[in-house]
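Hello,

Here is the structure I promised to hand over. Please open it first, then read my notes below.

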There are 2 protein chains.
Amino acid sequence: MGEFDLIRRFFQRPAAAGVDVGVGDDCAVLVPTPGARWLVSSDMLVEGRHFLSTVAPERLGHKALAVNLSDLAACGATPRGFTLALALPRVDEAWLAGFARGLWALADVSACPLIGGDTTQGPLNLCITVFGEAPAGQALLRSGARAGDEIWVSGRLGDARLALEVFRGTVALDGAGFETVRAAMECPMPRLALGQALRGVATAAIDVSDGLLGDLGHILAASGVGARLDLDALPRSAVLAAQPADLQRTCLLAGGDDYELVFTAPRGVRLPDVGVALTRIGVIEAEPGLRVVDVRGDAVEHGLKSFDHFAS
Amino acid sequence: MGEFDLIRRFFQRPAAAGVDVGVGDDCAVLVPTPGARWLVSSDMLVEGRHFLSTVAPERLGHKALAVNLSDLAACGATPRGFTLALALPRVDEAWLAGFARGLWALADVSACPLIGGDTTQGPLNLCITVFGEAPAGQALLRSGARAGDEIWVSGRLGDARLALEVFRGTVALDGAGFETVRAAMECPMPRLALGQALRGVATAAIDVSDGLLGDLGHILAASGVGARLDLDALPRSAVLAAQPADLQRTCLLAGGDDYELVFTAPRGVRLPDVGVALTRIGVIEAEPGLRVVDVRGDAVEHGLKSFDHFAS
């Protein structure tokens with residue numbers, strides 16, 4: 001199967017609403033919503049860094065798009081479409097069929113059509129760029145947090161990192177526990193509805209991809225503020241809660257790959273209910289720095305850093 | 001140097017005009033031009049397939065953006081911005097400085113700012129997604145060619161392929177000749193001004209990235225027409241014109257990496273003068289198929305195909 005057959009078979013569908021030209025010309029052509037801003041984000045996934053060779057292709061297709069949609073969610077954007085650039089060592093039709101199935105399933109449920117891209121031969125690499133819209137001035141940014149705002153997080157943290165530790169052989173879990181945390185790692189659901197509902201409510205937002213400490217740190221740096229973070233308040237699964245305290249802390253604070261939203265909002269503001277659990281985990285303070293405390297308010301020493309792709 | 005330092009040092013600048021938020025948040029935020037369509041294209045470059053390890057990083061930075069801008073040019077779009085996702089085996093500051101220099105130089109001259117992206121560790125891979133605009137209904141597509149239209153090409157064809165043959169060791173050139181064709185391979189200039197000037201003039205357009213036969217074939221397939229192509233009319237450099245006829249034919253018809261525009265236009269229409277040579281190379285016919293003829297109108301047997309990343 002050649003390059004163009006591959007595209008036609010797995011990645012081409014009739015153009016969706018709002019798309020004048022989809023896959024198959026030099027460019028895709030989209031119809032912007034009058035008055036809206038255009039939001040763009042791009043993420044590249046490399047085998048061994050962002051996913052393991054053991055992942056089912058369907059889950060990989062889901063995850064490759066999910067981590068990108070999560071950036072739109074963090075900005076409160078409504079998805080409009082995405083491009084996929086794919087380097088493949090070889091054409092494996094069964095793998096491609098599974099990958100495309102997972103990709104399209106999430107694209108359909110997110111109303112975010114595939115509109116173009118590229119395929120080439122090379123070491124496995126997936127690069128997705130997503131496009132979305134938000135009304136002018138309403139995109140959620142990292143820079144709006146103010147002293148006194150409360151810090152919230154959606155869903156639960158740390159399961160993806162716990163699954164990674166199982167794959168690394170440092171932790172053993174029973175079958176059901178492993179499936180729970182593995183699904184968190186391989187099938188994150190981007191918080192699109194929450195992000196959109198937080199427009200005009202949240203003062204700052206980010207998605208947790210590199211670990212809570214680092215990602216919250218980006219909000220603090222961009223907003224010029226500090227924070228107190230309540231370790232014991234961090235929402236976690238029963239599987240993670242059954243692990244030793246040290247491991248829990250690592251998974252919760254520096255796990256990464258969570259794809260939950262962390263956001264700040266003025267105290268007492270009414271938060272939207274979109275069927276996703278929201279937990280208050282701390283407060284923004286004027287004093288710079290990120291102070292992690294336990295339920296008694298005592299400082300927690302953790303020595304953890306955010307994930308860095310080039311740190312030794 | 002960590003991931004975020006790397007981004008700040010080489011890839012972050014103050015947001016450009018029309019960009020509300022650039023590099024440094026979850027998404028970039030752009031201000032669309034009222035009434036315009038939004039055009040998107042994405043290309044991934046892999047070492048050994050799209051560039052050689054011998055290429056100077058500055059030229060690679062130029063070329064990675066150039067091949068993407070060429071897709072905007074083929075659609076007659078005005079550039080608005082691009083994202084860069086970069087997988088690097090390691091952080092090599094001298095390489096990054098050169099790469100960024102070449103990238104920014106073309107970005108600046110094309111008024112196409114870098115607005116976001118991703119960096120990760122992995123086998124060298126460059127994925128750029130470009131965004132542009134065109135008035136509604138004026139994007140140049142592959143599908144508008146009509147019988148009787150003339151076929152035109154910008155600049156010259158075949159030099160990039162000739163350079164590749166030198167690198168492969170199948171052809172020897174003197175130093176000046178090699179530099180000429182090497183520059184064509186490593187430093188293509190996207191035909192943005194030409195593409196924009198062809199709005200409302202050309203009936204169909206594409207850029208020559210996989211070879212003239214294949215790319216013109218895409219126009220014919222999308223438009224439901226055929227063509228007669230005059231081999232002897234194809235514009236070529238003096239360096240290529242001095243090569244054996246067989247090699248010339250291969251480089252001209254199936255070379256690829258040319259990044260010139262091939263377009264169709266009604267006979268007698270006034271073509272724009274943007275300082276780029278335009279050559280009439282054939283005519284669109286109702287009969288399907290692509291017939292290559294010589295200056296006497298006799299059929300040329302060539303046995304050539306377009307480049308396919310997954311063909312054996």
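This is a predicted model. Let me begin with the aromatic rings. Over all chains, a search of the whole structure gives 10 aromatic pairs. One of them joins B:Phe167 and B:Phe178. B:Phe167 sits in helix 4 (residues 159-168) of chain B, while B:Phe178 sits in helix 5 (residues 175-186) of chain B. The pair therefore ties together parts that are 11 residues apart in sequence.

Next, the interface. In chain B, 63 residues are in contact with 63 residues of chain A. The area buried between the two chains is about 5100 Å². Carbon and sulfur atoms give 60% of that area.

What about charges and polar groups? Between chain B and chain A there are 6 salt bridges. One of the salt bridges links A:Arg142 to B:Asp25, with the closest N and O atoms 3.7 Å apart. Polar contacts between the chains come to 17 residue pairs.

Which element gives the largest share of the side of chain B that touches chain A? That is strand 3 (residues 36-46) of chain B, with 10 residues. By class, this side of chain B has 35 nonpolar, 15 polar and 13 charged residues.

Strand 3 of chain B also pairs with strand 2 (residues 28-30) of chain A. The sense is antiparallel, over 3 bridges. There, A:Val29 has B:Leu39 as its bridge partner.

Best wishes

Terms used. Residues are numbered from 1 along each chain as its sequence is written. Chains are lettered from A and ligands numbered from 1 in the order in which they are written. This is a predicted model: local features need pLDDT of at least 70, side-chain atom pairs count only at pLDDT 80 or more; totals for chains, interfaces and linings use all residues. Side-chain values use heavy atoms; hydrogens and water are left out. Contact means heavy atoms within 4.5 Å. Buried area is the accessible area (1.4 Å probe) that two parts lose on being put together, summed over both. A salt bridge is a side-chain nitrogen of Lys or Arg within 4 Å of a carboxyl oxygen of Asp or Glu. A polar contact is a pair of N or O atoms within 3.5 Å; within protein, one must be able to donate a hydrogen and the other to accept it, and residues adjacent in sequence count only if both atoms are side-chain atoms. Helices (H or I, at least four residues) and strands (E, at least two) are DSSP runs, numbered from the N terminus. Ala, Val, Leu, Ile, Met, Phe, Trp, Tyr, Cys and Pro count as nonpolar, Asp, Glu, Lys and Arg as charged, and the others, Gly among them, as polar. Two strands pair if DSSP finds at least two bridges between them. Rings of Phe, Tyr and Trp (its six-membered ring) pair if their centres lie within 6.5 Å; planes under 30 degrees apart count as stacked, over 60 as edge-to-face and the rest as tilted.
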